[in-house]
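Reader: I am new to reading structures. Please show me the one to be discussed, and then I will ask about it piece by piece.

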Amino acid sequence: MKFFSTLFLLLICFLSFAQLPEGFTYVKDSIPDLDVELRYNTSNNFVGKRVDGYHSNKLILTKQTAQALKLVQEELQNRNLCLKVYDGYRPQQAVNHFMRWARQLNDTINKSIFYPDVKKKNLFKSGYIASKSGHSRGSTVDLTIINGNTGKPLDMGSPYDFFGQESWVNYADITKKQKENRQLLQTVMLKHGFRNYPKEWWHFTLRHEPFPKTYFDFPIE
């Protein structure tokens with residue numbers, strides 16, 4: 001009886017570590033030194049609270065995306081720089097949470113930080129909130145570059161997830177150094193197989209992503 005009880009516990013443990021769909025991976029398994037701060041697992045985001053589906057600070061991506069990201073990290077480390085990732089795979093339930101939040105017009109706890117110049121009622125019309133996200137396909141990542149010694153992010157001219165033209169890749173009204181930092185991020189990501197989203201300097205999707213039409217909803221845990 002004791003043998004079967006032990007076997008049952010081992011099976012439960014195995015299943016708890018095997019919940020990812022085929023083709024996905026925990027990115028730190030291949031990039032152990034990667035700096036990960038999933039903002040939607042915290043209250044430091046435009047919603048102002050932890051978002052549905054984010055149960056831990058574990059970055060999940062498709063295996064192909066993780067492999068490409070490892071090449072980016074290795075190249076940056078040759079310059080004493082590293083990546084810092086703010087979001088990767090995003091469950092559809094998190095996107096649904098964003099949609100519900102956007103309709104609650106009185107809930108503006110972090111407006112001054114993330115969308116000071118945009119009326120919340122216009123978030124759908126302006127394209128900041130949508131019913132589907134490329135993140136849910138598992139091959140899109142939000143990130144920046146940090147100093148390898150201090151861990152401090154390079155100055156990109158706007159905060160991560162800022163709703164406004166200041167976040168556009170080619171926004172002109174920033175300093176020369178901020179433009180150089182953005183260009184460095186764009187160059188190294190595009191070199192290793194990613195394409196950018198022109199209105200968010202931090203947002204990249206793997207070219208030829210493995211699940212281009214599938215939106216997943218398994219939780220991050």
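**The chain as a whole**

Reader: What percentage of the 221 residues in the chain is buried?
Author: A residue is buried when its relative accessible area is under 20%, exposed when it is over 50%, and partly exposed in between (1.4 Å probe, protein chains only). Counted this way over the 221 residues of the chain, the buried share is 47%.

Reader: What kind of model is this, and where does the numbering start?
Author: This is a predicted model, in which local features need pLDDT of at least 70 and side-chain atom pairs count only at pLDDT 80 or more, while totals for chains, interfaces and linings use all residues. Side-chain values use heavy atoms, with hydrogens and water left out, and along each chain, as its sequence is written, residues are numbered from 1.

Reader: How many helices and strands are there, and in what pattern do they follow one another?
Author: Helices (H or I, at least four residues) and strands (E, at least two) are DSSP runs, numbered from the N terminus. The chain has 5 helices and 7 strands. Read along the sequence, their pattern is α-β-β-β-α-β-α-α-β-α-β-β.

Reader: What radius of gyration does the chain have, beside that of a compact globule?
Author: The radius is taken over C-alpha atoms, and the globule rule is 2.2 Å times the number of residues to the power 0.38. For 221 residues the rule gives a value near 17 Å; the chain agrees with it, at 19 Å.

Reader: What box do the C-alpha atoms fill?
Author: The box is taken along the principal axes of the chain. Its sides are roughly 70 × 45 × 35 Å.

Reader: What share of the contacts with a separation of 6 or more joins residues 24 or more positions apart?
Author: A contact means heavy atoms within 4.5 Å. Among contacts in the chain with a separation of 6 or more, residues 24 or more positions apart account for 73%.

**Two residues with a positive phi**

Reader: What is the phi of Asn-80?
Author: Most residues other than glycine have a negative phi. Asn-80, in the loop between α2 (63-77) and β4 (81-87), is not a glycine, yet its phi is positive, at about 60°.

Reader: Which residues does Asn-80 touch beyond its neighbours within four places in sequence?
Author: Asn-80 counts as partly exposed because its relative accessibility is 37%. With neighbours within four places left aside, the contacts of Asn-80 are Asn-147, Gly-148 and Asn-149.

Reader: Does Asp-161 count as buried or exposed?
Author: Asp-161 lies in the loop between β5 and α5 (176-191). It has a positive phi of about 70° without being a glycine. Its relative accessibility is 5%, so Asp-161 counts as buried.

Reader: What separates the C-alpha atoms of Lys-49 and Pro-198?
Author: Lys-49 is in the loop between β2 (35-36) and β3 (60-62), and its 44% relative accessibility is why it counts as partly exposed. Beyond residues up to four places away, Lys-49 touches Thr-42, Ser-43 and His-97. Pro-198 is 149 residues from Lys-49 along the chain, and their C-alpha atoms are separated by 27 Å.

Reader: How is Arg-103 placed, and what is the C-alpha separation from Leu-123?
Author: Arg-103 belongs to helix α3 and is exposed because its relative accessible area is 55%. Leu-123 lies 20 residues away along the chain, and the C-alpha atoms of the pair are separated by 9.3 Å.
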